[in-house]
Amino acid sequence: MSDFLVVGGGVLGMLTARELAVQGATVTLIEKGECGREASWAGGGIVSPLYPWRYSEPVTALARAAQRAYPALAASLLSETGIDPEWEQTGLLMLDAADAGEALAWAARVGSRMVSLDRDQIYAQETLLAPGFEQGLWMPDIANIRNPRLLKSLLASLRANPRVRLQEHTSVVDFLREGSGGESVSGVVVRHNGHSAHLSADRIIVSAGAWSAGLLNTLCVALPVQPVKGQMLLYRPTAQVLKSIVLTRGRYLIPRRDGHLLVGSTLEHTGFDKSTTEDALASLRASAEALVPALASTPVLRQWSGLRPGAPEGIPFIGHVPGFRNLYVNAGQYRNGLVLAPASAQLLLDIVLKRPPQVDPQPYDPATVRSV
Ligand SMILES: Cc1cc2nc3c(=O)[nH]c(=O)nc-3n(C[C@H](O)[C@H](O)[C@H](O)COP(=O)(O)OP(=O)(O)OC[C@H]3O[C@@H](n4cnc5c(N)ncnc54)[C@H](O)[C@@H]3O)c2cc1C
């Protein structure tokens with residue numbers, strides 16, 4: 001029996017398990033596949049919401065807290081595991097945003113560095129961009145993280161921690177209820193290799209990404225979190241084509257430290273279907289080439305997809321599951337689960353461990369269910 005069961009080994013579950021163990025708790029992390037191989041692996045790793053001024057204050061509050069935490073997190077994972085998550089401060093260049101005035105006002109209000117660029121300044125900065133861009137917004141402090149490496153490094157950290165037990169290839173299928181009214185949970189029912197077993201803990205945290213709603217539904221708890229498929233492409237140009245992350249019309253290019261270039265992403269409401277499609281390949285290729293024409297002669301190295309945990313307005317549910325004393329959820333980070341992860345995990349821990357929260361928990365309270 002552990003102090004905590006964490007259900008779901010994505011970025012949120014792994015960060016939560018690591019931090020609980022640092023605080024001295026024993027943790028069992030249960031993952032239906034391999035840790036870190038779902039949305040958290042599929043994502044682009046931009047450490048900022050896209051068009052951040054268009055999000056509500058609760059998303060901004062978590063994003064800003066997490067952006068402050070990321071450099072130290074990446075450095076501590078590198079020194080602990082030898083795996084570098086490659087937190088890279090490339091900056092974010094947004095082209096021809098129709099609401100630039102609102103963006104600049106937002107940046108001044110929240111204290112984010114954002115500069116307006118004219119055409120000459122855009123092309124002085126990114127020489128290989130297609131012609132025709134007239135106006136840019138430049139956020140020099142924005143970074144990207146190489147998420148698969150972040151996840152490998154988190155996994156190595158968890159494997160080395162004697163307080164953490166990892167149960168991969170194990171699905172949680174139900175909860176064990178306690179009390180006459182079922183007001184707490186004493187453990188979970190798991191399936192592993194075709195066999196069922198019970199695992200017990202004092203407290204349980206559900207961080208099962210897009211699958212969280214289905215799991216909580218077994219307790220008749222309605223959580224409006226839905227899968228939203230995203231497809232991406234990977235290029236390996238022979239020479240560097242971009243210095244910074246570039247975003248226009250909802251599509252973006254992310255340069256990695258070693259020269260790889262990611263292109264994202266689609267937004268598809270197709271349930272739990274994770275297949276990649278020719279349509280998405282063509283559409284993402286067209287977006288990439290419209291930004292950087294040189295990519296027309298570069299082959300696509302890979303195409304993949306992932307299921308974002310979509311919550312209304314992209315505001316995650318973080319806190320007590322209503323009606324259950326010792327059950328918590330951390331899910332629904334939608335398009336921003338990588339950037340929001342450190343602050344989301346921190347907030348949940350503040351709630352669980354009854355510490356003064358660094359971010360006001362109220363907007364994320366699962367008891368205030370927002371409509372889809
Ligand atoms: C194409 C794409 C691009 C993205 N780009 C960015 C970006 O640039 N920046 C950003 O911040 N975010 C981005 N995101 C969003 C981000 O990836 C997600 O919000 C984030 O990874 C969600 O993390 P998670 O831990 O909640 O979910 P997941 O990583 O999906 O992890 C949930 C885990 O729970 C496990 N699980 C589910 N059910 C069970 C069960 N019953 N029992 C045991 N285990 C279970 C799953 O197997 C999975 O491993 C992107 C997402 C996609 C798809």
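These legends describe close-up views of one predicted model. Residues are numbered from 1 along each chain, as its sequence is written. Because the model is predicted, local features need pLDDT of at least 70 and side-chain atom pairs count only at pLDDT 80 or more, while totals for chains, interfaces and linings use all residues.

**View 1. Helix α3 meets helix α6.** Helices (H or I, at least four residues) and strands (E, at least two) are DSSP runs, numbered from the N terminus. Helix α3 covers residues 57-81, and helix α6 covers residues 147-159. Their axes come within 9 Å and cross at roughly 55°. That makes α3 oblique to α6. Axes are lines fitted to C-alpha atoms, for helices over the stretch in contact, and angles run from 0 to 180 degrees between N-to-C directions. Under 35 degrees counts as roughly parallel, over 145 as roughly antiparallel, 65 to 115 as roughly perpendicular, and the rest as oblique. The crossing of α3 past α6 is left-handed. A crossing has that hand if the near helix is turned anticlockwise from the far one by less than a right angle; clockwise makes it right-handed. From α3, Leu77, Glu80 and Thr81 meet Ser153, Leu154, Ala156 and Ser157 of α6. The contact of α3 with α6 has 3 nonpolar, 3 polar and 1 charged residues. Two residues are in contact if their C-beta atoms, placed from the backbone, lie within 7 Å. Ala, Val, Leu, Ile, Met, Phe, Trp, Tyr, Cys and Pro count as nonpolar, Asp, Glu, Lys and Arg as charged, and the others, Gly among them, as polar.

**View 2. Helix α1 packs on helix α6.** The axes of α1 and α6 are 10 Å apart, at an angle of about 35°. Here too the crossing is left-handed. Val11, Met14, Leu15, Ala17 and Arg18 come from α1; Leu151, Leu154, Leu155, Ser157 and Leu158 come from α6. By class, this contact of α1 with α6 holds 8 nonpolar, 1 polar and 1 charged residues.

**View 3. The shell around the ligand.** There are 42 residues around the ligand, and Gly8, Gly10, Gly209, Gly230 and Gly337 come nearest. A residue is near a molecule or strand if its C-beta atom, placed from the backbone, lies within 6 Å of it. Elements that each supply at least two residues of the shell include α1 (11-22), β7 (171-178), β10 (226-235) and α9 (337-352). By class, the shell divides into 18 nonpolar, 19 polar and 5 charged residues.

View 4. A cis peptide bond joins Gly264 and Ser265, with omega about -20°. Ser265 sits in the loop between β13 (261-264) and α8 (278-291). Glu86, in the loop between α3 and β3 (92-95), has a positive phi near 55°. Glu86 is buried, with 20 other C-beta atoms within 10 Å. Glu313 lies in the loop between β14 and β15 (317-320), and its phi is also positive, near 60°. Glu313 counts as partly exposed, with 13 C-beta neighbours inside 10 Å. Buried means 20 or more other C-beta atoms within 10 Å of the residue's own, exposed means 12 or fewer, and partly exposed is in between; C-beta atoms are placed from the backbone.

**View 5. Ile30 in strand β2.** Strand β2 (residues 27-30) contains Ile30. Ile30 counts as buried, with 26 C-beta neighbours inside 10 Å. Leaving out residues up to four places away in sequence, Ile30 touches Leu5, Val7, Gln167, Thr170, Val172 and Val190.
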